[in-house]
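I opened my notebook to look through this model, one topic at a time. Here is what I looked up, starting with charged pairs and moving on to helices and strands.

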Amino acid sequence: MGLSAGTAYVGPWINYSKGVVLGSTLTIPSKYGNILVAILALLVTWTGTHFWGLICFTLHHLRSSSLAKDGLHYQQQALLRSQKPGTAILYRLLEVGFAWRANTRGAFRRTVPLFVITFVNISVFLAAGIFSSRVTSINSEVLARGKCGFLKGITEDKPIQEWTAVDTAIGDVLNSAGYTSYREENAHARACYGNQLDRSTALCDIFTVSLIPSTRDDNAPCPFAGNACLAAAISFDTGRISSDTHFGINSRFKNRVEMRKKMTCAPVAAANYSSDWTTEQKEGVALDYTGTILPYDSYKYVNLGPSLSDGSVYGNYTVAFSNLTLAAQDRPYSLLSITYWPQNLNKSMFQPIPEFSRNDADVTIIFRNTKLIYTQPVTDPWFKATKKQELLPALKDLYVPEETIAAVGCIEQYQFCNGDKCTPLSGGYALALHPEGPSELGLNPLQSATYKLMVTYTDFMQLDTLLQYLKNEVLLASQLVYGSSIVSSAVEPNQWQTEMENLFNVTLVGLQSHGLYHAAPGNTQIKPGVNLHDFITPETTPENLRLCENQKFRSTDYSSFNLLGLCLILSISFVIITLNMVLPMTVAWLLGLKSGGSASKAAWIEDDVLQLQRMALELRGVGPWKATGASVPVIEILGLEFQRGRYVADRGSGSVQYESVHTEDGRKY
């Protein structure tokens, strides 16, 4: 079905996992997002320039006085009035302080405050520039959009011989989509969970969290009674995981539901419940091996309880293994699983004997058959191979399994919570007994819809369904087999624990991925002319449609901006830029009304670069000038042209005589 949703909602929305205010979000395509980020960076830089102008204006006015000051003071004032970029001012301040060190007292001491203020301003806007880039992220959370719904199903109790052409088409789609999704989830678990992580892969950046955390107990008690377990059990527990944080269902806190999954497994003594190889064909074997009953075949019967079909007993054994079938298999490992659901005998495959019966959990027994020889002895209880055997001269000092059939038994339990109210740990079908949610949880309508959706996810991701589709593909030990041969490297002593952890992780990936499968399944082509979307049953209830519109995932194709950060940048920038534009004029007007305020006003005007140039030219005889108290002084004589030498102007005739001016070193200017 595809783990990556293609289309996302474009526009404003609230990411409730961050709160109503901090979670206000704007999502746009990445190509426009990159432009917006660049604009924000330029805006912050421009704002920093204007803020520095405000600082310079303020400092200049505070330092202005009608009293006599030394040259250092006036040069510092001139630097402030120039409003050059802060980095340029830093250097000039040091240069001026150094130049005056021998000609005025405390030159550096008087320079330090201005230097510190300039440096702090640069640092603040450097941090602001970094902040502006944080209003979005490279791999943003977005809301999925697609054809929301689940695949059409076939009536569960309908025999396959009664299927119509439509039923067959649906069955083909269910099988193809199911196999594809489980394979993707298996790959995702290997890349993003466990010890062999490859977080660089894009697989790990699809969901709102890269993985659902869980705890592991390597010394858990045996989940079965008596002496059923061969070793200490291993247990995995997610604890309480949130519909919002971990499943990506965007919702307010009051509308969230929490779930917990626990799985406990242990190697079981299958040999203690198995017959020897026998040619006896017990009742039901013909059903297990339809069309493959061969003369001279022998069978091994495992009896953990009678086998069931549609709730009725059809064999006084649990599973039967055919010797010829095992010998003819072309896979290095073969897995067979059977499951007991205490709340659904019609679907259960066997009725456990007391040692394996649980009313508070789903029970799955995983049988493993190995057609391999190992290069080193294997002590793992599920893969045990310590019998040294020389098959051929070229294949000596190899080790073969001690038991043809070995088994691991697992129980799966689920729990749902609403605040401090929780259901007891139970099997999956106990949850289905309350479609709208157990009454003791006190769920509101949206929580009930969320509960129902999450229960559906758990049904898809039970061990039985997973193993029916993937079979031996799920085994990590398969990676150690020498190509297509029957030789394998030895597995680790705790390989069975690693395999169980991987199985548990695959179920967790499935819990995450089915939110996307529901909200925006990819339109996979099943076969020419048959696409997945043709078999989707759309959601219709208001609550389910709301859930469809609020499924979060991560995408590099879209950029999500924090609206609060965006508004802060825009509003603060507007205030600073506007203030820097109007403050000098406003202050000049106010000082003109106030007695005694002319000194700072005059200093601000006179320290401007154009006024300083005017005064320098006047000293050289260039003039007369008008608007000497304004921001731009101009010469009174219309069209007067001059060079930077000294001149004598005949104002009566308009003629100008120039006189070269020489410096002490003889240079002319």
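This is a predicted model: local features need pLDDT of at least 70, side-chain atom pairs count only at pLDDT 80 or more; totals for chains, interfaces and linings use all residues.

**Entry 1: salt bridges**

I looked for linked charges and found Glu141, Asp244, Arg256, Lys552 and Arg554 joined in a network of salt bridges. For a salt bridge I required a side-chain nitrogen of Lys or Arg within 4 Å of a carboxyl oxygen of Asp or Glu. By this rule I get 16 salt bridges.

Residues are numbered from 1 along each chain as its sequence is written, and side-chain values use heavy atoms, with hydrogens and water left out.

**Entry 2: Arg216 and its partners**

Which side chains does Arg216 meet in salt bridges? One is Asp218, at 2.6 Å from N to O. Another is Glu501, at 3.0 Å from N to O. Glu501 sits in helix H11 (residues 495-519) and Arg216 in strand S6 (residues 215-220), so this pair ties together parts that are 285 residues apart in sequence. My helices (H or I, at least four residues) and strands (E, at least two) are DSSP runs, numbered from the N terminus.

I then checked accessibility, calling a residue buried under 20% relative accessible area, exposed over 50% and partly exposed in between (1.4 Å probe, protein chains only). Arg216 is partly exposed at 33%, and Asp218 is partly exposed at 32%. Glu501, in contrast, is buried, with a relative accessible area of 18%.

**Entry 3: Glu258 and strand S9**

Next I followed Glu258, which forms a salt bridge with Arg240, the closest N and O atoms being 2.6 Å apart. Glu258 belongs to strand S9 (residues 258-268), and Arg240 to the loop between strand S7 (233-237) and strand S8 (241-242), so the pair ties together parts that are 18 residues apart in sequence. Both ends are partly exposed: Glu258 has a relative accessible area of 23% and Arg240 one of 40%.

Is S9 as a whole enclosed or open? Nine of its 11 residues are buried, so S9 is largely enclosed by the rest of the structure.

As background, strands of a sheet pair through backbone hydrogen bonds, either parallel or antiparallel.

- S7 and S9 run antiparallel and are joined by four bridges; Ile234 has Cys265 of S9 as its bridge partner.
- S8 and S9 are antiparallel too, with two bridges; here Ile241 is partnered by Met259 of S9.
- S9 and strand S19 (residues 405-418) are antiparallel, joined by 11 bridges; Met263 stands opposite Glu412 in S19.

**Entry 4: a three-strand sheet**

I turned to an open sheet of three strands, in the order S2-S3-S26, with antiparallel pairing. Its edge strands are S2 (11-14) and S26 (558-562), each of which pairs on one side only. From one strand to the next the twist averages 30°. Four bridges hold S2 against strand S3 (residues 24-29) in the antiparallel sense, and in S3 the bridge partner of Trp13 is Thr25.

What packs on this sheet? Helix H1 (residues 30-63) does, touching S3 and S26, and its direction makes about 120° with that of S3. For such touching I used contact, meaning heavy atoms within 4.5 Å. My axes are lines fitted to C-alpha atoms, for helices over the stretch in contact, and the angles run from 0 to 180 degrees between N-to-C directions.

**Entry 5: a helix pair**

How do H2 and H3 pack? Helix H2 (residues 71-82) and helix H3 (residues 86-99) lie with their axes 11 Å apart, at an angle of about 170°. The two are therefore roughly antiparallel to each other, a label I give to angles over 145 degrees. H2 brings Leu72, Gln75, Leu79 and Ser82 to the contact, and H3 brings Ile89, Arg92, Leu93 and Val96.

**Entry 6: Ser334**

Last, I looked up Ser334, whose place is in strand S14 (residues 333-340). Ser334 is buried, with a relative accessible area of 15%. Leaving aside neighbours within four places in sequence, Ser334 is in contact with Gln329, Phe367, Arg368 and Asn369.

How values were computed
Angles under 35 degrees count as roughly parallel, over 145 as roughly antiparallel, 65 to 115 as roughly perpendicular and the rest as oblique. Two strands pair if DSSP finds at least two bridges between them.
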